[in-house]
Amino acid sequence: MSWPEGQSVEEKSRTIISWCLREVDHPINRAIGEAQYNFFNRLTVLDKKMFLVEEEKRDSLRPGISAELEVISEDVMGYFANMMTILRVCYPPLTKLDEAGRREITSSLATTFYSPFLGLMTKMYSIAYEEECALYQEYLRAHTGTPIEQYPDIRESYRADFSKAIEILRTVPDTSDPDQKLRVLEESSRCITECIFEHYIALERSEEEAREASSGMGADDLLPLTIYLITEANMPQLHSELLMIYSITSQERLKGMEGYCLTNLQNGVYFLIEEQRAAGAGQ
């Protein structure tokens with residue numbers, strides 16, 4: 001493949017990906033189509049298993065559905081990683097990209113690859129973990145809209161306006177790129193500290209005090225704030241979305257800041273699930 005003289009590495013890389021995805025007979029395009037068909041059909045089979053069986057028998061199928069979902073998720077993650085490796089081997093300009101360039105190219109390919117079946121995969125996680133999802137949604141119905149002042153575990157000095165962080169969290173379903181979903185989770189979590197910083201400045205505290213307060217949060221402070229964000233974001237499918245994201249995220253990524261933010265949000269969701277379970281048991 002040849003490029004016009006003077007094209008940058010980034011321009012060459014965009015041209016490569018566009019060409020791979022545009023040409024019907026390109027091996028990459030064909031491989032993506034075959035993989036999409038394969039993964040969509042495998043997920044559809046699981047969906048039909050649950051749909052066609054009597055309701056009272058569905059609980060007995062959930063462990064098997066969950067196990068099959070894990071296998072499919074591993075296959076999806078492995079397939080995409082292998083495809084990116086093949087692209088870099090075949091097209092050297094892709095290996096010369098900086099971090100921003102690699103992220104752009106990967107996101108472009110991921111959006112195309114995942115779009116046809118990611119929604120179905122998320123749905124299957126909600127079916128496999130139906131009880132947890134139902135408890136989580138019950139909690140949201142009962143508690144969304146509760147003023148931050150009624151959260152006893154949130155320090156008074158941290159009771160800021162977190163609407164910006166909440167709005168960012170609500171955009172997680174807007175992309176079909178799992179890496180971008182992770183980045184949104186991290187951005188929302190980072191925005192918590194920004195909101196606290198701005199809160200301190202609004203109270204006419206010094207910038208030093210504001211920085212110390214926003215950067216000095218420990219887990220005991222972060223979890224209640226995360227719970228507040230999750231509750232006010234009021235996203236009924238967030239639990240299944242987080243399960244899906246976790247399932248197709250590499251262990252290497254999970255060890256970084258994005259993985260930490262994902263785990264913190266999952267801990268918040270599970271806290272709400274157990275709160276609702278305890279509330280139901282007490283009635």
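**Cysteines and aromatic rings**

Okay, so a search of the whole structure turns up 0 disulfides, a disulfide being a pair of cysteine sulfur atoms within 2.5 Å. Before I go on: this is a predicted model, where local features need pLDDT of at least 70, side-chain atom pairs count only at pLDDT 80 or more, and totals for chains, interfaces and linings use all residues. Residues are numbered from 1 along each chain as its sequence is written, and side-chain values use heavy atoms, with hydrogens and water left out.

Buried here is under 20% relative accessible area, exposed is over 50%, and partly exposed is in between, with a 1.4 Å probe and protein chains only.

Now the rings. We get 13 aromatic pairs, taking Phe, Tyr and Trp (its six-membered ring) with centres within 6.5 Å; planes under 30 degrees apart are stacked, over 60 edge-to-face, the rest tilted.

Take F80 and Y114: they're tilted, 5.6 Å centre to centre with 45° between the planes. F80 lies in helix α3 (residues 58-90) and Y114 in helix α4 (residues 99-114), so this pair ties together parts 34 residues apart in sequence. Helices are DSSP runs of H or I, at least four residues, numbered from the N terminus. Both F80 and Y114 are buried.

Then there's Y125 with Y129: centres 6.3 Å apart, planes at 10°, so that one is stacked. Y125 is buried at 4%, whereas Y129 is partly exposed at 23%.

Key. Helix = DSSP H or I, 4+ residues; strand = E, 2+ residues; numbered from the N terminus.
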